[in-house]
Amino acid sequence: MTAAAVEVRDLRVKRGGKVVLPAVSLEIPAGSVTGLLGPSGCGKTTLLRAIVGVQRVESGEVRVLGDPVGTPVQRRRVAYVTQAPSVYADLTVRENLRYFAEILGAEASRIDAVAVTVGLTEHLDTRVASLSGGERSRASLAVALLGKPELLILDEPTVSLDPVLRRELWQTFHRLADDGATLLVASHVMDEADRCDHLVFMREGEIIASASPDEIRRQTGKDDLEDAFISLAGEQ
Amino acid sequence: MSVKNTLATAIRVLAQLRHDRRTLALVLVVPPALLTLLRYVFDASPGTFARIGPPLVGLFPLIVMFLITSIAMLRERTTGTLERLMSMPLAKLDLLLGYGLAFALLAAVQAAVTSTVGFWLLDLHTSGSVLAVAALAIANAVLGMALGLFLSAFASTEFQAVQFMPAVLFPQVLLSGLLAPREHMPHVLRIASDALPVTYAYDALSRVTSGQSGARLWLDLGVTLGAILLALMLGAATLRRRTA
């Protein structure tokens with residue numbers, strides 16, 4: 001078994017007085033594309049934010065790539081793409097990329113490279129405000145790719161994307177993983193589960209399964225991963 | 001802290017302003033237009049205009065930059081760009097200084113335009129140098145920026161952020177001595193006035209434009225700079241790497 005890129009131990013998080021994550025423990029294999037799947041509101045985003053180190057936590061430990069999160073060094077190694085595109089709408093895609101590249105210390109040549117990766121080459125000089133929703137998400141993804149992160153955390157990156165593009169993005173994710181990066185992709189769409197090397201099923205703040213798709217099929221005896229989720233949720 | 005990141009942030013903020021031509025035009029046109037309006041409102045009492053006109057050249061940037069910064073910062077918070085920056089290797093101070101640098105530059109241009117209109121076209125007089133007035137205008141802009149930045153943390157919508165201007169700045173301007181001399185105010189208001197930063201910012205402008213110097217001017221400058229630093233530190237404290 002390869003080393004874990006993310007180790008979470010007894011993580012407890014409260015938001016607005018409510019316990020969102022009671023006691024989550026989790027390991028994510030390095031160099032994999034891991035899918036974090038669960039219904040909307042089950043705590044996926046909170047877990048991702050804790051792994052990035054932007055979530056205030058009650059207790060527990062989060063280690064990324066062997067070290068605690070939230071240190072200046074870690075902020076270079078981990079990139080996070082929020083569900084809502086966090087880019088400046090009043091700037092062009094290129095201006096956004098140029099600014100974030102400067103902050104990340106990425107070379108200027110990365111700007112064109114990431115634009116190719118997310119398929120925004122023709123929109124480099126378009127203001128983000130004039131882009132479609134899917135294009136904005138890709139602009140936000142492009143920013144995360146600038147610094148060649150070792151761990152890339154994506155919150156619902158393929159929502160509202162054209163199926164062709166969605167497939168291309170998943171291919172990109174696997175290419176990044178082949179190059180040694182670890183990807184953690186949250187989604188509430190079960191049909192993305194089969195595109196992952198490793199799956200984490202989450203429901204009501206708890207991890208109900210963490211294994212490869214085939215292992216989950218074997219454990220539950222269900223061929224369809226959605227049926228597997230339902231069967232696991234019943235045991236909870 | 002890094003000069004490179006501060007400059008990159010300033011350039012980014014200026015690029016945002018450059019794309020927003022209308023805001024830029026309003027920032028540069030409204031203060032001289034208001035000054036001109038004031039000139040004719042006080043047509044029958046030119047003494048009043050001569051007294052309040054010159055300090056106003058330096059007070060406009062305070063108000064404008066306060067508003068722009070509170071909205072800009074609120075946008076950074078609500079669109080998630082602030083959270084993204086906080087997850088990157090960017091020092092909080094670089095972000096604050098980047099904003100400060102960009103807005104100080106804008107304030108310098110604004111003060112230049114307003115001074116040109118005021119001192120040449122509207123016959124305002126300053127006994128101190130126009131450059132000193134411009135320098136104070138820039139200091140006021142940075143003060144406005146720092147206050148706006150700090151207060152934006154307490155606003156969760158644009159409506160609230162905009163209301164902070166009348167709530168926080170107007171009382172300070174009213175108490176600063178611009179409209180009525182502070183000596184004539186009730187004791188309580190006088191004390192309140194002593195405790196507010198705009199009083200010192202206004203007093204410095206008023207002294208420079210009327211050619212007074214001395215210990216009180218240095219106190220004014222010291223308090224204004226101190227207020228800028230304090231507001232920046234409080235502002236930095238509102239930028240959190242980890243949020244609930």
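Trainee: Why is Asp20(B) called partly exposed?

Mentor: Around Asp20(B) there are 13 other C-beta atoms within 10 Å. A residue is buried if 20 or more other C-beta atoms lie within 10 Å of its own, exposed if 12 or fewer, and partly exposed in between, with C-beta atoms placed from the backbone. Asp20(B) is therefore partly exposed. This is a predicted model, in which local features need pLDDT of at least 70 and side-chain atom pairs count only at pLDDT 80 or more, while totals for chains, interfaces and linings use all residues. Residues are numbered from 1 along each chain as its sequence is written, and chains are lettered from A and ligands numbered from 1 in the order in which they are written.

Trainee: Where does Asp20(B) lie in chain B?

Mentor: Asp20(B) is in the loop between helix H1 (3–19) and helix H2 (21–41) of chain B. Helices (H or I, at least four residues) and strands (E, at least two) are DSSP runs, numbered from the N terminus.

Trainee: How do you know that the radius of gyration of chain A agrees with that of a compact globule?

Mentor: The radius is taken over C-alpha atoms, and the globule rule is 2.2 Å times the number of residues to the power 0.38. For 236 residues a compact globule would have a value near 18 Å; chain A has 18 Å, so the two agree. Buried residues make up 45% of the 236 residues in chain A.

Trainee: What makes S6 and S10 of chain A edge strands?

Mentor: The open sheet has six strands in the order S6-S7-S8-S3-S9-S10 (chain A), with mixed pairing. Strand S6 (78–81) and strand S10 (206–211) of chain A each have a single partner strand, so one side of each is left without a neighbour in the sheet. Two strands pair if DSSP finds at least two bridges between them.

Trainee: How do you know that S3 and S9 of chain A pair?

Mentor: Strand S3 (residues 33–37) and strand S9 (residues 198–203) of chain A are joined in the parallel sense over four bridges. Within this pair, Leu36(A) stands opposite Val200(A) in S9(A).

Trainee: How many residues of chain A are in contact with chain B?

Mentor: In chain A, 24 residues are in contact with 22 residues of chain B. Two residues are in contact if their C-beta atoms, placed from the backbone, lie within 7 Å. The largest share of the side of chain A that touches chain B, five residues, comes from H3(A).
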